[in-house]
Amino acid sequence: MTRIKKILIANRGEIALRIMRTAREMNISTVAVFSEADRKSPHVRYADEAVCIGPAVSSESYLNIEKILKVCRDLGVDAIHPGYGFLSENAGFAQRVKEAGLIFIGPSPESIEIMGSKLAAKQSASKYNIPMVPGTESAITDREEAKKIAAEIGYPILIKASAGGGGKGMRVVASEADFDEQMDRAVSEAVASFGDGSVFIEKYILSPKHIEIQILGDQHGNIIHLFERECSIQRRHQKVIEEAPSISITPAIREEMGRCAIDVARSCGYYGAGTVEFILDENQNFYFLEMNTRLQVEHPVTEQITGVDLVKQMILIAEGKHLEIRQDELTIKGHSIEIRVYAEDPLNNFLPDVGKLVTYIKPDGNGVRVDDGFEQGMDIPIYYDPMISKLITYADNRDDAIRKMIRAVDEYQISGVRTTLSFCRFVLEHAAFRSGNFDTNFISRYFSPDMIKPRKDTESDAVAGLISAILLSVNKQAKDVQHEVAAPVRSRWKDRRHQNG
């Protein structure tokens with residue numbers, strides 16, 4: 001076993017801060033790397049040391065393996081935590097970290113490689129009795145043969161990219177007449193997004209729920225699951241609202257899904273934190289979808305209902321320690337909901353928005369958690385994912401967690417950019433969501449832009465507020481108001497910045 005003393009977080013924003021906080025609690029020093037666009041970000045100041053590794057463009061900074069490894073050599077780093085996104089599921093990066101004599105806080109390069117391909121993942125999981133969606137077992141090479149298979153499966157079908165995720169390289173085909181066009185689009189998008197045009201066919205489940213199981217495995221063959229998360233509220237095949245536990249499954253299905261998730265992990269010798277994703281049809285049949293070999297964006301809801309710090313467990317596992325938690329010791333306590341607060345306009349097809357956070361005041365109170373990487377006055381960069389924060393609530397039961405979330409959404413004041421807060425409030429109040437009678441088609445089935453109104457804290461209101469504050473300031477009668485409305489919040493964290501370049 002190796003004691004980790006210094007971790008470099010190869011990421012940015014809220015997940016970098018999330019990892020740093022646990023590391024600090026474990027008396028482990030942290031190193032932040034940042035792009036020029038993130039020079040003033042909170043994670044840069046919070047770290048014990050921080051190094052600028054390049055321009056805003058990800059390929060020249062957060063995806064630049066050579067620069068990241070150089071920082072590790074220069075600063076005597078022991079281990080790298082990749083967070084999520086960027087290099088987190090890059091088997092080549094994990095291998096380079098290993099070859100450099102560093103610890104990769106995540107699974108082995110071999111596990112990442114296997115589970116990084118949906119086809120390879122299916123082949124690996126087939127060693128065990130795990131239900132699979134009907135479809136092809138290998139990449140499509142012969143279109144005419146693929147059309148025959150599609151006809152046997154029955155339309156509608158899905159054409160899916162073998163590599164990657166996030167809904168990219170995925171096309172629904174309603175009939176054979178649409179096959180060629182959708183096939184071309186799927187391959188083109190797969191090449192553009194992942195550099196791999198391999199695609200395969202699956203039966204399209206018409207009313208699926210997206211359920212995922214959190215697992216932890218150590219390097220000694222011990223694997224446990226930490227129950228499920230409900231992730232069916234999505235736009236463009238990407239999650240917006242998650243919760244744990246799911247209102248949709250029975251204890252028996254939960255137990256069987258957990259067993260299957262552990263077997264999927266065991267099939268590739270998995271260790272670290274990972275997530276096994278399933279789809280659940282209207283008849284409560286579930287099918288293995290894929291495995292994410294990293295920490296998930298929505299991991300906080302699992303932490304809330306189990307009391308387990310997943311980042312801490314990842315670090316302990318990376319040090320070679322045995323899992324301290326047994327399956328029979330885990331129980332579900334209460335209910336947790338997470339909404340992703342994106343800089344997107346739900347009134348305009350969820351298009352990303354950019355601008356300055358003129359007003360940024362977070363909600364607070366019992367059972368409210370905000371994971372973010374922004375402060376008032378900061379710009380939302382155009383170079384990265386438009387997520388501003390994750391707002392999480394926890395209560396004894398689902399109804400109370402929903403009510404707490406609605407209160408927190410109403411307290412969250414953001415102006416300068418459009419956000420998904422109003423959409424999330426719409427979902428939380430909708431009868432289908434309250435009853436659990438919803439699936440991944442929620443938006444197409446229930447939502448249209450005219451159903452919600454822009455929040456009061458829009459950019460125009462912020463501008464008006466700023467003008468008022470300036471006028472009051474001139475009259476020297478509203479210093480407090482000016483501070484609240486116009487002045488960026490200044491953090492009191494100790495500035496222990498180490499910059500290079």
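What follows is a short chat about a predicted model.

Colleague: What kind of model is this, and how are residues numbered?
Modeller: It is a predicted model, where local features need pLDDT of at least 70, side-chain atom pairs count only at pLDDT 80 or more, and totals for chains, interfaces and linings use all residues. Residues are numbered from 1 along each chain as its sequence is written, and side-chain values use heavy atoms, with hydrogens and water left out.

Colleague: Is strand E3 mostly covered or uncovered?
Modeller: Mostly covered: six of the six residues in E3 (49-54) are buried, meaning under 20% relative accessible area with a 1.4 Å probe, protein chains only. Strands here are DSSP runs of at least two E residues, and helices are runs of at least four H or I, numbered from the N terminus.

Colleague: Which way does E2 pair with E3?
Modeller: Strand E2 (29-35) pairs with E3 in the parallel sense over five bridges; pairing takes at least two DSSP bridges. Ala-32 has Ala-50 in E3 as its bridge partner.

Colleague: What about the largest nonpolar core?
Modeller: That core has 45 residues, and Ile-4, Ile-7, Ile-105, Leu-216 and Ile-315 have the most contacts inside it. A nonpolar core is a set of buried Ala, Val, Leu, Ile, Met, Phe, Trp, Tyr and Cys residues joined through side-chain atoms within 4.5 Å.

Colleague: Which element gives the largest share?
Modeller: H11, with seven residues.

Methods. Buried < 20%, exposed > 50% of the residue type's maximum accessible area, 1.4 Å probe, protein only.
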